[in-house]
Amino acid sequence: MTSIIAPVIPGSGSAVGLADVTAVAEASRLPLPVPVVREPSTALGYGIARIDRSGRLCVRPVLDRLGWSGAVRLAAAVVGTSVVMHPASDGVFALGSRRTLVLPVILRRRCGLSAGDGVLLAADPVRGVLVVHPLRSLERLVLGYHASLLGGDDDAR
């Protein structure tokens, strides 16, 4: 009978020393698996909407993220080009009857928003705020970030 692998017989001339076996075992070990580290999911909720001619925005999923009901009273402030809204018992603004957000004309004018303009809504349930950003502001941020990725400046626009 022919054998494929020659037998290892202790004491024969082809014996391998213990140090050699250890070296081979160390060299043939597979690397340990590295656990996948996932970034924590963002706590923010986002939505994009268009302002209708009455200043209404349909933002139900964003309001759901905040847990705001139709009866909530809101305080609002313009910060830069954005509107920051939060619940306040003495708030002068309210959600629409169909859980729509109504941006009053005074706030729209201060932010330069008109009917048909798109906005990004960012809901922060941890802080209990809703921030309404004009899409043109978001575009400037994204263009600046893209320029930094490409190593150039954002003066092209």
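**View 1. The hairpin of β7 and β8.** In this predicted model, β7 and β8 make a hairpin that has four residues between its strands. Gly128 sits in the turn, with a positive phi of about 70 degrees. Strands here are DSSP runs of type E with at least two residues, helices are runs of H or I with at least four, and both are numbered from the N terminus. Look for Ala123, which stands opposite Leu130 in β8.

As for the ground rules, residues are numbered from 1 along each chain as its sequence is written. Since this is a predicted model, local features need pLDDT of at least 70 and side-chain atom pairs count only at pLDDT 80 or more, while totals for chains, interfaces and linings use all residues; side-chain values use heavy atoms, with hydrogens and water left out.

**View 2. Strand β7 from end to end.** Is β7 buried or exposed? Seven of its seven residues are buried, so β7 is largely enclosed by the rest of the structure. Buried means under 20% relative accessible area, exposed means over 50%, and partly exposed lies in between (1.4 Å probe, protein chains only). In a regular strand, side chains alternate between the two faces of the sheet. On one side of β7 you'll find Gly118, Leu120, Ala122 and Asp124, and on the other Val119, Leu121 and Ala123, all buried.

**View 3. The whole sheet.** Six strands line up as β1-β7-β8-β4-β3-β5 in an open sheet with antiparallel pairing. At its edges are β1 (45-50) and β5 (93-94), each pairing on one side only. Helix α4 packs on this sheet and touches β1, β7 and β8, and its direction makes about 80 degrees with that of β8. Such angles run from 0 to 180 degrees between N-to-C directions, with axes fitted to C-alpha atoms, for helices over the stretch in contact. β1 and β7 run antiparallel and are joined by six bridges; Arg50 has Gly118 as its bridge partner in β7. Over at β5, the antiparallel pairing with β3 has two bridges, and Leu74 stands opposite Phe93.

**View 4. Leu121 and the core.** The largest nonpolar core has 25 residues, and Leu57, Leu101 and Leu121 touch the most other members. A nonpolar core is a set of buried Ala, Val, Leu, Ile, Met, Phe, Trp, Tyr and Cys residues joined through side-chain atoms within 4.5 Å. Among the elements that give two or more residues to this core are α2 (60-66), α3 (105-111) and β7 (118-124). Leaving aside neighbours within four places in sequence, the contacts of Leu121 (heavy atoms within 4.5 Å) include Tyr46, Leu57, Val62, Leu101 and Val132.

**View 5. Two buried serines.** Ser82, in strand β4, counts as buried because its relative accessibility is 8%. Its side chain makes a polar contact of 2.8 Å with the side chain of His133. A polar contact is a pair of N or O atoms within 3.5 Å; within protein, one must be able to donate a hydrogen and the other to accept it, and residues adjacent in sequence count only if both atoms are side-chain atoms. Ser137 belongs to helix α4 (residues 135-150), and at 11% relative accessibility Ser137 is buried. The side chains of Ser137 and Thr81 are joined by a polar contact of 2.8 Å.

Notes
Pairing = 2+ DSSP bridges.
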